[in-house]
Amino acid sequence: MKATPEHHQRMAKMTFASVYPHYVTKIERKGRTKEELHRVIYWLTGFDHDELKRLIDEHATFDTFFGKAALNPNAHLITGVICGYRIEEIENPLTRKVRYLDKLVDELAKGKKMEKILRSV
């Protein structure tokens with residue numbers, strides 16, 4: 001699937017706060033915890049609990065959210081298909097980062113072991 005410029009703009013303007021509750025619901029429905037979700041988010045972005053809460057309270061857009069993140073150097077190891085898009089083929093850097101997060105949340109919900117999710121080498 002090829003993403004359009006409009007799709008990329010929509011992703012940039014979407015707030016993390018609007019998506020976060022969906023992440024929580026998805027993983028908790030599958031028996032995972034919010035703490036595990038935060039661990040995954042920390043691994044990808046470097047945000048601790050307080051920073052994450054602040055960004056949610058500020059209704060930070062994904063553009064702002066990932067603009068402030070210190071992306072994990074192993075994030076490029078996140079590959080595969082999520083939401084119909086092959087992550088490694090996404091050209092827009094911000095959209096790729098959002099899909100990295102989506103993929104990690106999906107793996108957490110599917111019961112993957114944390115070492116695998118966090119791309120421990």
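Reader: How many aromatic pairs does the count come to by the rule for ring pairs?

Author: The count comes to 8 aromatic pairs. The rule concerns rings of Phe, Tyr and Trp (for Trp, its six-membered ring), which pair if their centres lie within 6.5 Å; planes under 30 degrees apart count as stacked, over 60 as edge-to-face and the rest as tilted. This is a predicted model, in which local features need pLDDT of at least 70 and side-chain atom pairs count only at pLDDT 80 or more, while totals for chains, interfaces and linings use all residues. Residues are numbered from 1 along each chain as its sequence is written, and side-chain values use heavy atoms, with hydrogens and water left out.

Phe-16 is buried, with a relative accessible area of 0%, and Tyr-23 counts as buried at 6%; buried means under 20% relative accessible area, exposed over 50% and partly exposed in between, with a 1.4 Å probe and protein chains only. Phe-16 also pairs with Phe-65: the ring centres are 4.3 Å apart and the planes stand at 10°, so this pair is stacked. Because Phe-16 lies in helix α2 (residues 16-29) and Phe-65 in helix α5 (residues 62-68), the pair ties together parts that are 49 residues apart in sequence. Helices here are DSSP runs (H or I, at least four residues), as strands are (E, at least two), numbered from the N terminus. Phe-65, like Phe-16, is buried.

One aromatic cluster is formed by Phe-16, Tyr-20, Tyr-23, Phe-47, Phe-62, Phe-65 and Phe-66.

The nonpolar core comes next. Such a core is a set of buried Ala, Val, Leu, Ile, Met, Phe, Trp, Tyr and Cys residues joined through side-chain atoms within 4.5 Å. The largest one has 38 residues, and among those with the most contacts inside it are Phe-16, Phe-62, Phe-65 and Phe-66, as well as Leu-37, Leu-44 and Leu-101. At least two residues of this core are supplied by each of α1 (5-13), α2, α3 (34-45), α4, α5, α6 and α7 (114-117). The largest share, 8 residues, comes from α6. Leu-37 touches Tyr-20 and Tyr-23, together with Val-24, Ile-27, Val-105 and Leu-108, not counting residues up to four places away in sequence; contact means heavy atoms within 4.5 Å.

Leaving aside residues up to four places away in sequence, Thr-95 touches His-7, His-8, Met-11 and Ile-90. Arg-99 and Asp-102 both lie in helix α6 (residues 93-109), 3 residues apart, about one turn of the helix. These two residues form a salt bridge, with the closest N and O atoms 2.8 Å apart, and both are buried. A salt bridge is a side-chain nitrogen of Lys or Arg within 4 Å of a carboxyl oxygen of Asp or Glu. The structure holds 10 salt bridges. Another one joins Lys-53 to Asp-57, at 2.8 Å from N to O; here Lys-53 is partly exposed, with a relative accessible area of 44%.
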